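Look at the structure first, then work through the points below.

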Amino acid sequence: MAPADKSTHSNIRFPAPPTAAGKRLDAVAAELFSDYSRSRLQSWIKSGFITVDGMQRRVSDKLIGGEHIVLSLPPDASGESWEETWANGAASIQAEDMPIEFIHTDEHFYIVNKYADKVMHPAPGNRSGTLMNGLLHLEPALRVVPRAGIVHRLDKDTTGLCVVARTLKAHTHLVNQLQARTVSRRYLAIVFGEPPERGTIDAPIGRHPKDRKRMAVVVRGKPARTHFTVLEQFKGCALVEVKLDTGRTHQIRVHMMHEGHSLLGDPVYRTRGTSSASSFKLNTVMTAFKRQALHAWQLGLQHPEDESDCVYQCEPPNDFQAMLEHLRGRRLPDDNNE
């Protein structure tokens, strides 16, 4: 086919991964440009807004891997990228004034320290009060960036660092880093029991076979790998640092439960049938901790403009710190004997 010639608002570029070999163009496009529906992507392929190595191709054409795939957003579609992620009333998402703590800001991206009890983006049941609502109030121009710039997510009650792209170029660069697994994400968690000093959990994660609102380790799940190191051992609990190789939904919570070391305060993923949670008496302070004890404390990435290495850190919030101080009063002696 002839080279495509589209004058558009912005371009999003991705190399086709090796796993694209033998797959249809529309299927690969749906994986790469997941902010858009497959039917919309098929329409754009037919119209020449998605090209392969600069050439217009057919929806059903098979790829070999390694091709340069470019999505040239039509001028009237650039503002729809974040809306299409949520089909139910997305156009009604409103900008809202709310406090947002920034660890870093420049013209390319923000590093945000997310509070507990804060949902990242609107969804059924949470149409307002989300981080996205606040970002759109702060910077209305984020409407033209996929997901209003939110590159990765933290659970509602997980605190800590997340990155928000301010431009399409920065968003594409940061998403590529996530896919290449070059973004370093380290968490602090308080878990039940006495885990080994360090370990790696390599177990696939997918939807729970009986409870579709939960995730679980399942044979046909997506690959997931979590590394952990014990920083402090208490009586019945431990402070661990967790490093992610992948970013599956609820990955740390599911993997630690799978190993028999649920997170303190986790209302969904609790270790059952073990004595770890009952090895010491939960007092008023522990009972009052109503969320999973999980904090994203360090985030490392390449700057999307000059590719310099950037590392950001933030200390856990007050409730997490208070729990650690409480537990330190119960720390085991060096010889592990009372």
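**Salt bridges and a helix face**

Glu325 and Arg328 join their side chains in a salt bridge, 2.7 Å from N to O. A salt bridge here is a side-chain nitrogen of Lys or Arg within 4 Å of a carboxyl oxygen of Asp or Glu. Side chains of opposite charge can pair when their charged atoms come close. The model is predicted: local features need pLDDT of at least 70, side-chain atom pairs count only at pLDDT 80 or more, and totals for chains, interfaces and linings use all residues. Residues are numbered from 1 along each chain as its sequence is written, and side-chain values use heavy atoms, with hydrogens and water left out.

**Helix H7**

- Glu325 and Arg328 both sit in helix H7, three residues apart, about one turn of the helix. Helices (H or I, at least four residues) and strands (E, at least two) are DSSP runs, numbered from the N terminus.
- Arg328 is partly exposed, at 27% relative accessibility. The classes are buried (under 20% relative accessible area), exposed (over 50%) and partly exposed (in between), using a 1.4 Å probe and protein chains only.
- Which residues of helix H7 are buried? In H7, which spans residues 318-328, they are Phe320, Met323, Leu324 and Leu327.
- These buried residues fall within an arc of 100° seen down the axis of H7, so they line one face of the helix. The arc is that of the directions from the helix axis to the C-beta atoms.
- Asn318 and Glu325 are exposed, on the face of H7 turned away from its buried side.

**Salt bridges around Asp245**

- The salt-bridge count comes to 17.
- One of them pairs Asp245 with Arg225, at 3.5 Å from N to O. This pair links distant parts of the chain, 20 residues apart: Asp245 is in the loop between strand E13 (237-244) and helix H5 (251-258), while Arg225 is in strand E12 (residues 225-233).
- Asp245 is buried, at 18% relative accessibility. Arg225 is partly exposed, at 29%.
- Lys243 also forms a salt bridge with Asp245, with the closest N and O atoms 3.6 Å apart. Lys243 is partly exposed, at 25%.

**Helix H4**

- His171 lies in helix H4, residues 168-179.
- Is His171 buried or exposed? His171 is buried, with a relative accessible area of 8%.
- Val145 and His171 are 26 residues apart along the chain, and their C-alpha atoms are separated by 7.4 Å.
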